[in-house]
Structure formats: C-alpha cells, structure tokens
Amino acid sequence: HTQLSEYDSALKKCEEALRIFEGLNDNPGKASTLNSLAKLYENMGQREKALRHYRMSLNECAQLEYPHICLAAHVSIGKILLSDGQITSALEHLHTARDLAIETMDKEMICQIDRFLSEVYEQQGDLQSALEYYKSFHRISTQISAEKAEEQTRELRTQFEVEKAHRETEIYRLKNVGLAQASEYLKYLNTSLKAANEFKSE
C-alpha cells in the first residue's frame with residue numbers, strides 16, 4: 001500500500017509538471033516529463049501505458065536538439081519490446097539509441113547498449129554480431145575505466161599541489177612571524193644596551 005501510494009504521488013506530480021510545461025509550450029520539458037511518467041508506469045508493471053508515454057516523448061523531442069531525451073526513450077522502448085518478444089522492433093529502437101549515443105559521445109550509454117545488444121544477439125543465435133558488440137562493449141568499458149583512473153589521478157595531483165602550496169604558505173608565514181619576533185627582540189636589546197650605556201656615562 002505504501003509503495004502504491006508513493007507511485008500515485010509521483011504520478012500526480014509528473015502530471016502536474018506536464019500541464020505546466022504544456023502551458024509554457026516547453027517541448028523539452030514535456031518530453032522529459034513524459035519519459036518520467038513512462039518510467040513510473042513501467043515500474044508499476046503497466047507496460048502499455050509505459051510504451052505509450054515513451055512514444056509520446058519521442059514525438060515531442062523528434063524535432064528538437066535534445067538527443068539524450070530520445071536516447072533514453074528508445075532504450076526503454078527496446079527493452080520493453082524485447083521482453084514482449086518483439087525482437088525486430090526492439091533491435092531497431094536499440095540501434096537508433098546507439099546512434100544517438102555515438103552522436104552525443106555518451107560512452108557509458110554506448111557501453112550499456114553494446115552489452116545489451118551482445119546478449120540479445122547471442123540469445124538469437126547470431127554469434128558473429130554478439131561477438132562484435134561484446135568486443136565494442138569491452139573496448140569502451142576499458143576506455144571508461146582508464147579515463148576515470150586518469151581523472152582520479154589528476155584530482156589527487158591537484159589536491160596534493162593545493163596542500164603543498166598551503167604548507168609552503170604556512171611555513172612562509174611562520175618564518176615571517178619568527179623574523180618579526182627576532183626583530184622586536186633585537187630592538188629590545190638595542191634599547192636596553194643604549195639605556196645601560198647612558199646610565200654608565202652619567
């Protein structure tokens with residue numbers, strides 16, 4: 001009951017957002033919200049409603065320069081159609097999604113789609129295509145891992161340089177404090193010596 005209540009609340013919020021975007025004639029907002037509605041229906045097991053909303057999203061973003069919205073819809077439609085046994089239509093959507101992922105240089109999405117395509121083609125007995133997409137998945141996955149490792153290394157190097165600069169600044173400050181204290185002490189000694197000499201001359 002709690003989960004259903006949460007879904008109902010989420011659906012109402014998405015429907016309200018959709019009405020607002022429609023009032024503003026905001027097509028990207030409408031397309032993105034339709035995707036969210038579709039995902040909710042998919043999670044609720046209402047496949048037909050999910051497919052309908054994903055397709056509505058595609059209609060909204062078809063003429064827009066927001067390929068990432070279309071990409072998400074194509075992937076989701078492909079997966080639903082696959083689970084329904086509509087292999088040919090499913091593969092069309094997945095390949096369209098892959099093209100969009102390549103266009104937007106979304107390596108992680110290309111990687112996910114390639115792995116999925118590899119599994120689908122293997123199940124269909126098309127081992128050559130399965131191997132082709134698995135190799136692509138493995139190659140891109142390796143690239144992503146290498147890029148992440150390189151990024152982490154850069155971040156650590158930057159952090160080290162910042163901390164080093166901070167330490168050097170602190171050392172310089174302490175040296176200046178020490179020099180200032182030494183200078184004050186010398187002034188004190190000179191003043192004391194001068195006073196002592198004046199006292200003697202009297």
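The chain has 7 helices and 0 strands, where helices (H or I, at least four residues) and strands (E, at least two) are DSSP runs, numbered from the N terminus. Read along the sequence, that gives the pattern α-α-α-α-α-α-α. The radius of gyration is 33 Å, well over the 17 Å that the globule rule gives for 202 residues, so the chain is more spread out than a compact globule. Here the radius of gyration is taken over C-alpha atoms, and the globule rule is 2.2 Å times the number of residues to the power 0.38. Taken along the principal axes, the C-alpha atoms fill a box of roughly 115 × 50 × 40 Å.

A word on what you are looking at: this is a predicted model, in which local features need pLDDT of at least 70 and side-chain atom pairs count only at pLDDT 80 or more, while totals for chains, interfaces and linings use all residues. Residues are numbered from 1 along each chain as its sequence is written, and side-chain values use heavy atoms, with hydrogens and water left out.

Now let us look inside. Buried residues make up 29% of the 202 residues in the chain; buried means under 20% relative accessible area, exposed over 50%, and partly exposed in between (1.4 Å probe, protein chains only). Contacts, meaning heavy atoms within 4.5 Å, also tell a story. Of the contacts in the chain with a separation of 6 or more, 47% join residues 24 or more positions apart.

Asn25 sits in the loop between helix 1 and helix 2, and is exposed at 58% relative accessibility. Its phi is near 55°, a positive value in a residue other than glycine. As background, most residues other than glycine have a negative phi. Next comes Asp26, which caps the N-terminal end of helix 2, with a side-chain oxygen 2.9 Å from the backbone nitrogen of Gly29.

Helix 2 itself has 17 residues and reaches 24 Å from its first C-alpha to its last, close to the 24 Å expected at 1.5 Å a residue. The expected span is 1.5 Å times one less than the number of residues. Among the buried residues of helix 2 are Gly29, Leu34, Asn35 and Tyr41. Asn35 has a relative accessible area of 11%. Leaving aside neighbours within four places in sequence, Asn35 is in contact with Tyr54, Ser57, Ile69, Ala72 and Ala73. After helix 2 you meet Gly45, whose phi is positive, near 85°.

Helix 3 covers residues 47-61, and its 15 residues should span 21 Å at 1.5 Å a residue; the end C-alpha atoms are 21 Å apart, which agrees. Which residues of helix 3 are buried? They are Ala50, Leu51, His53, Tyr54, Ser57, Leu58 and Cys61. Seen down the axis of helix 3, these buried residues fall within an arc of 165°, so they line one face of the helix. That arc is the one made by the directions from the helix axis to the C-beta atoms. The face turned away from the buried side carries the exposed residues Glu48 and Asn59. On the buried side, helix 3 packs against helix 2 (27-43), helix 4 (67-83) and helix 5 (87-103).

Tyr54 turns up again in the largest nonpolar core. Such a core is a set of buried Ala, Val, Leu, Ile, Met, Phe, Trp, Tyr and Cys residues joined through side-chain atoms within 4.5 Å. Of its 42 residues, Tyr54, Ile113 and Leu117 touch the most other members. The largest share of this core, 9 residues, comes from helix 4. In soluble globular proteins, nonpolar side chains tend to be buried together. Leu117 is in contact with Leu91, Leu94, His95, Arg98 and Tyr133, leaving aside its neighbours within four places in sequence.

Further along, Met105 lies in the loop between helix 5 and helix 6. Met105 is exposed, with a relative accessible area of 69%, and its phi is positive, near 55°. The side chain of Lys107 makes a polar contact with the side chain of Glu147 (2.6 Å). A polar contact is a pair of N or O atoms within 3.5 Å; within protein, one must be able to donate a hydrogen and the other to accept it, and residues adjacent in sequence count only if both atoms are side-chain atoms. Asp114, also found in helix 6, is buried, with a relative accessible area of 0%.
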